[in-house]
Amino acid sequence: MKKIVAFIVIAAFCIAPALKAEEMETLFGGSGKFTSSLYGAVDVRGTTINSNSALAVGGRGVWVINNTFGIGIQGFGITSNHNVPGYRTTFDSSQAYLRTGYGGLFLEYINNSNSLVHFNIHALIGGGGAVYTNSRFDNHDRYYDGDRWHYESSAYFVFEPGAGVEFNITTFFKLGVNGGYRIVSGLDLPNTSNKDLSGAFGGLTFKFGNFKNN
């Protein structure tokens with residue numbers, strides 16, 4: 001299944017035809033001929049870590065070429081708390097917590113982006129890092145032990161294909177709804193597997209940029 005998803009994403013980047021510039025439709029008016037642009041985006045999505053619900057927050061910076069293909073960088077951090085089942089810290093035998101984040105090269109195919117509603121296919125190819133930490137509470141505030149807060153760590157490879165629908169709100173703001181699957185490999189932690197960090201995701205993207213031709 002993973003190979004099929006990867007093949008579809010790569011094929012879309014290779015064979016998708018370039019579109020001619022046309023008038024951009026937006027929800028609140030404004031139009032212009034669009035050929036290329038730079039944009040920044042904030043991504044908020046729900047996913048899973050250790051088979052539990054998780055929240056990921058990230059961002060990207062992308063250059064869109066010929067109104068169709070985007071290339072840039074993207075990164076995410078898991079902001080929710082996740083304990084590590086079966087693992088106890090060597091410091092005081094307390095529960096360990098998993099922290100992770102990842103990022104890398106971002107590729108995107110945008111179909112007919114000047115239309116009010118359009119779709120895109122995208123992929124992140126890169127790496128990440130995961131660490132077991134000792135988290136404690138003091139007056140309801142979480143902090144890390146200053147001496148031994150870091151117990152186990154590992155880097156990993158990540159491939160994250162996905163697709164979404166976008167809405168042109170104005171000529172400088174787009175709202176996207178997207179989903180996909182995160183594939184992790186190369187993780188080396190005693191109580192966390194590649195499968196524990198892999199999983200489906202779905203969320204919102206807030207794009208900001210000059211989306212019309214000056």
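This is a predicted model: local features need pLDDT of at least 70, side-chain atom pairs count only at pLDDT 80 or more; totals for chains, interfaces and linings use all residues.
**Figure 1. Ser 51 sits in the loop between β1 and β2.** The phi angle of Ser 51 is near 65°, a positive value in a residue other than glycine. Is Ser 51 buried or exposed? With a relative accessible area of 68%, Ser 51 is exposed. Asn 66 counts as partly exposed, because its relative accessibility is 49%.

**Figure 2. The protein chain has two helices and ten strands.** Here we step back for a moment to see the whole chain. Read from the N terminus, the elements follow the order α-β-β-β-β-β-β-β-β-β-α-β. The chain has 214 residues, and 46% of them count as buried. Among contacts with a separation of 6 or more, 66% are between residues 24 or more positions apart. The chain exposes about 10,600 Å², and carbon and sulfur atoms supply 61% of that area.

**Figure 3. The largest nonpolar core is made of 20 residues.** Which residues have the most contacts inside this core? They are Leu 98, Ala 130, Tyr 132, Tyr 156 and Leu 197. Two or more core residues come from each of the strands β2 (52–65), β3 (69–78), β4 (83–88), β5 (95–111), β6 (117–138) and β8 (150–170). Apart from this core lies another, of seven residues, including Tyr 39, Ala 41, Val 62 and Phe 211.

**Figure 4. Leu 197 and Thr 100 touch each other.** Leaving aside residues up to four places away in sequence, Leu 197 touches Ile 49, Leu 98, Thr 100, Ala 130, Tyr 156, Arg 182, Val 184, Leu 187 and Thr 192. Thr 100 belongs to strand β5 and counts as buried, at 12% relative accessibility. Beyond its neighbours within four places in sequence, Thr 100 is in contact with Ile 49, Gly 77, Ile 78, Gly 129, Ala 130, Tyr 156 and Leu 197.

**Figure 5. Arg 60 forms salt bridges with Asp 43 and with Glu 108.** Side chains of opposite charge can pair when their charged atoms come close. Between Arg 60 and Asp 43, the N to O distance is 2.8 Å. Arg 60 lies in strand β2 and Asp 43 in strand β1, so this pair ties together parts that are 17 residues apart in sequence. For Glu 108 and Arg 60, the N to O distance is 3.9 Å. Glu 108 is in strand β5 and Arg 60 in strand β2, so here the parts tied together are 48 residues apart in sequence. How buried are these partners? Arg 60 has a relative accessible area of 8% and is buried, Asp 43 counts as buried at 1% relative accessibility, and Glu 108 is buried as well. Asp 43, Arg 60 and Glu 108 are linked with Glu 166 and Lys 207 in a network of salt bridges.

**Figure 6. Glu 160 and Arg 182 meet in a salt bridge.** The structure holds six salt bridges, and this view shows the one whose closest N and O atoms, in Glu 160 and Arg 182, are 3.9 Å apart. The pair links distant parts of the chain, with Glu 160 in strand β8 and Arg 182 in strand β9 (residues 173–185), 22 residues apart. Glu 160 counts as buried at 3% relative accessibility, and Arg 182 counts as buried at 2%.

**Figure 7. Leu 38, Trp 63, Ile 71, Leu 105, Ile 125 and Phe 157 make a nonpolar surface patch.** The patch has an area of about 560 Å². Leu 38 is placed in strand β1 (residues 37–49) and counts as exposed, at 60% relative accessibility. Ile 125 is in strand β6 and counts as partly exposed, at 35% relative accessibility. Which residues does Ile 125 touch, not counting residues up to four places away in sequence? They are Gly 104, Leu 105, Phe 157, Val 158 and Phe 159. Ile 125 and Gly 103 are 22 residues apart in sequence, with their C-alpha atoms 7.6 Å apart in space.

Conventions: Residues are numbered from 1 along each chain as its sequence is written. Side-chain values use heavy atoms; hydrogens and water are left out. A nonpolar core is a set of buried Ala, Val, Leu, Ile, Met, Phe, Trp, Tyr and Cys residues joined through side-chain atoms within 4.5 Å. Buried means under 20% relative accessible area, exposed over 50%, partly exposed in between (1.4 Å probe, protein chains only). Helices (H or I, at least four residues) and strands (E, at least two) are DSSP runs, numbered from the N terminus. Contact means heavy atoms within 4.5 Å. Patches are made of residues with over 30% relative accessible area and no salt bridge: like charges are joined within 9 Å, nonpolar side chains (Val, Leu, Ile, Met, Phe, Trp, Tyr) within 5 Å. Accessible areas come from the Shrake-Rupley method with a 1.4 Å probe; for residues, only the protein chains shown count as cover. A salt bridge is a side-chain nitrogen of Lys or Arg within 4 Å of a carboxyl oxygen of Asp or Glu.
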